[in-house]
Amino acid sequence: MKTIIIATDFSTAAMNAATYGIKMAEAVKADVMLFNVFEVLANYGEIVIDLNVENLKKDAVNDMEELKKELIRNTGTKVNITSDVRLGVFSGELNVLCERVNPYAVIMGSQGRTATERILFGTHALHAMKHLPWPLITVPATATFSSIKKLGLAYDFEKELDSNFIDEIKLLAHDFDATIHVLNAAREDEFDADFVILSHRLEKMLAPFTVKYHFIASDNVNQGIIDFADKNDIDLLIVMPKYHSLLEKIFFKSHAKQMVLHSHVPILALHK
């Protein structure tokens with residue numbers, strides 16, 4: 001049985017991401033595991049630390065139960081929902097859980113409505129997008145799930161995709177009956193005629209799914225990709241953060257982080 005992990009801190013933005021994740025789980029017939037990590041700040045005296053841990057854990061468990069009830073009440077879902085509340089560091093605990101569950105995807109908010117939520121979601125989302133070896137979907141605070149019919153694949157054709165990436169993309173196209181839109185952005189004078197040959201090769205690898213290609217002429221690569229996704233109703237934008245230089249330019253230079261955090265399109269990061 002597929003499992004979708006939904007990471008939450010019980011904020012409003014996290015609730016939106018959880019609702020998105022529930023709807024996706026319904027679409028692919030997956031179970032859902034809600035996941036929360038609470039951290040303990042340093043205190044003076046071991047007794048105080050023990051009391052704080054117990055109180056924090058109790059609060060987190062109670063918040064998790066309330067979240068489950070609210071999700072069921074708001075969505076009417078019949079999805080099987082379990083939960084996991086842990087003490088530790090978010091990134092490390094998420095990796096441990098993923099190793100055990102091998103999730104279909106991990107879902108979390110990419111941004112929050114308040115200043116605090118923007119800092120927390122931005123930090124966790126960007127770190128997980130760069131390092132988590134499992135499929136990660138970051139959901140903007142305003143995004144809702146209805147269906148995924150248009151998959152956007154940000155790809156610069158610098159090297160051929162290996163079979164793991166191809167299999168992941170084809171699985172998504174199959175599960176959602178989606179069209180794959182390959183998005184290549186660069187300055188107009190950087191267009192390479194070899195892209196045509198490479199696109200035919202990629203089309204064969206992604207068969208039998210429908211593939212459409214878009215060369216986006218833009219002096220700002222990240223802006224071009226995000227704008228195209230917004231304007232052309234891309235439902236999910238797929239990126240491969242460690243695979244080639246285009247995505248390093250798009251998502252992990254300091255000037256581009258805000259572009260990710262303000263995208264209206266959910267982003268799926270693939271690493272393997």
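Q: I would like to begin with helix α3 in this structure: which of its residues are buried?
A: A residue counts as buried when its relative accessible area is under 20%. In this model, which is predicted, the buried residues of α3 are F90, E93, L94, L97, C98 and V101. Around the axis these residues cover an arc of only 135°, which means that they lie on the same side of α3.

Q: Which residues are exposed on the other side of α3?
A: Exposed residues are those with over 50% relative accessible area, and on the other side of α3 these are E99 and R100.

Q: What follows α3 in the chain?
A: The helix is followed by N102, and the backbone angle phi of N102 is positive, near 50°. N102 is not a glycine, although its phi has this positive value. The residue is placed in the loop between α3 and β4, the strand of residues 105-109, and with a relative accessibility of 56% N102 counts as exposed.

Q: Where does F10 lie, and what is the value of its phi?
A: F10 also has a positive phi, near 70°, in a residue other than glycine. It is found in the loop between strand β1 (3-7) and helix α1 (12-28). The relative accessibility of F10 is 26%, so F10 counts as partly exposed.

Q: Turning to another backbone feature, which residues are joined by a cis peptide bond?
A: The angle to read here is omega, and it is about 10° at the cis peptide bond that joins A207 and P208. P208 belongs to the loop between α6 (194-205) and β8 (211-217).

Q: Which side chains meet D84 in salt bridges?
A: As a general idea, side chains of opposite charge can pair when their charged atoms come close. One partner of D84 is R86, with 3.1 Å from N to O, and another is R100, with 3.5 Å from N to O. R100 lies in helix α3 and D84 in strand β3, so this pair ties together parts that are 16 residues apart in sequence.

Q: Are R100 and D84 buried or exposed?
A: Relative accessibility settles the matter for each residue: R100, at 55%, counts as exposed, whereas D84, at 13%, counts as buried.

Q: Which residues do the salt bridges that share partners join into one network?
A: The side chains of R86 and E93 also meet in a salt bridge, 3.2 Å from N to O, and both R86 and E93 are buried. Through shared partners, the salt bridges join D84, R86, E93 and R100 into one network. The count of salt bridges in the model comes to five.

Q: How should I read the surroundings of a buried residue such as N184, and which residues does N184 touch?
A: One starts with its place, which for N184 is strand β7, residues 179-186, and then with its accessibility, which is 4% for N184, so N184 is buried. Leaving aside residues up to four places away in sequence, N184 touches Y155, D156, F157, F195, H214, F215 and I216. A polar atom of the N184 side chain lies 3.2 Å from the backbone oxygen of Y155.

Q: Where is V79 found, and which residues does V79 touch?
A: V79 is found in the loop between α2 (46-75) and β3 (81-87), and with a relative accessible area of 15% V79 is buried. Not counting residues up to four places away in sequence, V79 touches I22, A25, E26, A30, D31 and V32. The C-alpha atoms of V79 and K23 are separated by 9.1 Å, while these two residues are 56 residues apart along the chain.

Q: Over which residues is the pLDDT below 50?
A: The chain as a whole averages a pLDDT of 82, and 80% of the residues score at least 70. The pLDDT is below 50 over residues 113-121, a stretch that has 20 contacts in the model beyond near neighbours in sequence. Where pLDDT is low, the predicted coordinates should not be read in detail.

Conventions. Residues are numbered from 1 along each chain as its sequence is written. Side-chain values use heavy atoms; hydrogens and water are left out. Buried means under 20% relative accessible area, exposed over 50%, partly exposed in between (1.4 Å probe, protein chains only). Helices (H or I, at least four residues) and strands (E, at least two) are DSSP runs, numbered from the N terminus. The arc is that of the directions from the helix axis to the C-beta atoms. A polar contact is a pair of N or O atoms within 3.5 Å; within protein, one must be able to donate a hydrogen and the other to accept it, and residues adjacent in sequence count only if both atoms are side-chain atoms. Contact means heavy atoms within 4.5 Å. A salt bridge is a side-chain nitrogen of Lys or Arg within 4 Å of a carboxyl oxygen of Asp or Glu. pLDDT is the predictor's confidence in each residue, from 0 to 100.
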